[in-house]
Amino acid sequence: MPEIRHLELPLAREVARTLHVGDACTLTGPLFTLRDAGHVRLLEELHERGSLPYGLAGQTIFYAGPTPPAAGRPFGAVGPTTASRMDFAAPELHRAGIVATVGKGRRSEAVRQACIDTESVYFAAVGGAAAFLAKCVESSHTISYDDLGTEALRRIDVVQFPVFVGIDVRGRDVYGA
């Protein structure tokens, strides 16, 4: 059985360089949830300011739209969204300072190249495991875009959140691209 890499967030680029495509990992620390509409707004703010707002530089974005609280947890479920839907924004966000993203499924060639150029990684999370993944979330705080509901920008603090390295800093892609 392969060794599981236990990673602390925010992910240092020095650590990102040691990861290899297919590595099984757990993430502990802050993740920032954001989906389609939130990415549009974040890009608008990036263009206006010239830098990432909300302390997002050096952070990890999780493509997820969490459900309301349940079972005494911040969310009843929080699963990965299809990552390719955010490919329109990911390369620019990586260049602005995002170190990693978490989602499910394939990414575009532009995202793969951005991972190489910026020494960033894409983590793939298992789809269909949203209720299980919610058990890894200790807290949640809405940062911005509250009017977007589940697509709002949230900081969630996770403990041993399971992922695999989908694209490493050398551009190797678990999906074979």
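This text leads through the predicted model from its overall build to its cores and then to a few individual residues.

Because the model is predicted, local features are considered only at pLDDT of at least 70 and side-chain atom pairs only at pLDDT 80 or more, whereas totals for chains, interfaces and linings use all residues. Residues are numbered from 1 along each chain as its sequence is written, and side-chain values rest on heavy atoms, with hydrogens and water left out.

The protein contains 5 helices and 7 strands, where helices (H or I, at least four residues) and strands (E, at least two) are DSSP runs numbered from the N terminus. Along the sequence these elements follow the pattern β-α-β-α-β-α-β-α-β-α-β-β. The C-alpha trace spans about 45 × 40 × 25 Å along its principal axes. A compact globule of 177 residues would have a radius of gyration near 16 Å, and the 15 Å of the protein agrees with this; the radius is taken over C-alpha atoms, and the globule rule is 2.2 Å times the number of residues to the power 0.38. Among contacts (heavy atoms within 4.5 Å) between residues at least 6 apart in sequence, 65% join residues at least 24 apart.

Of the 177 residues, 51% count as buried, a term that means under 20% relative accessible area, with exposed meaning over 50% and partly exposed in between (1.4 Å probe, protein chains only). In soluble globular proteins, nonpolar side chains tend to be buried together. A nonpolar core is here a set of buried Ala, Val, Leu, Ile, Met, Phe, Trp, Tyr and Cys residues joined through side-chain atoms within 4.5 Å. The largest such core has 29 residues, of which Leu-11, Leu-27, Leu-31, Val-102, Phe-123 and Phe-161 touch the most other members. Strand 2 (24-33), strand 4 (100-103), strand 5 (121-124), helix 5 (130-134) and strand 7 (153-167) each supply at least two residues of this core, and the largest share, 5 residues, comes from strand 7. Leaving aside neighbours within four places in sequence, Phe-161 is in contact with Cys-25, Thr-26, Leu-27, Leu-31, Phe-62, Val-102, Ala-125, Leu-133 and Cys-136. Apart from this core lies another, of 22 residues, including Leu-43, Ala-83, Ala-90 and Tyr-122.

Ala-125, one of the contacts of Phe-161, is found in the loop between strand 5 and helix 5 and is buried, with a relative accessible area of 8%. Its C-alpha atom is separated by 5.6 Å from that of Lys-104, although the two residues are 21 apart along the chain. Beyond four places in sequence, Ala-125 touches Pro-80, Val-102, Gly-103, Lys-104, Phe-161, Pro-162 and Val-163. Ser-144, in strand 6 (residues 137-144), also counts as buried, at 16% relative accessibility, and with residues up to four places away again not counted, Ser-144 touches Tyr-54, Ala-152 and Leu-153.

Some backbone details remain. The peptide bond from Leu-9 to Pro-10 is cis, with omega near 0°, and Pro-10 is found in the loop between strand 1 (4-8) and helix 1 (13-16). Ala-71, in the loop between strand 3 (60-62) and helix 3 (90-96), has a phi near 55°, a positive value in a residue other than glycine, and counts as exposed at 66% relative accessibility. Gln-160 likewise has a positive phi, of about 50°, although it is not a glycine; Gln-160 has its place in strand 7 and counts as partly exposed, at 49% relative accessibility.
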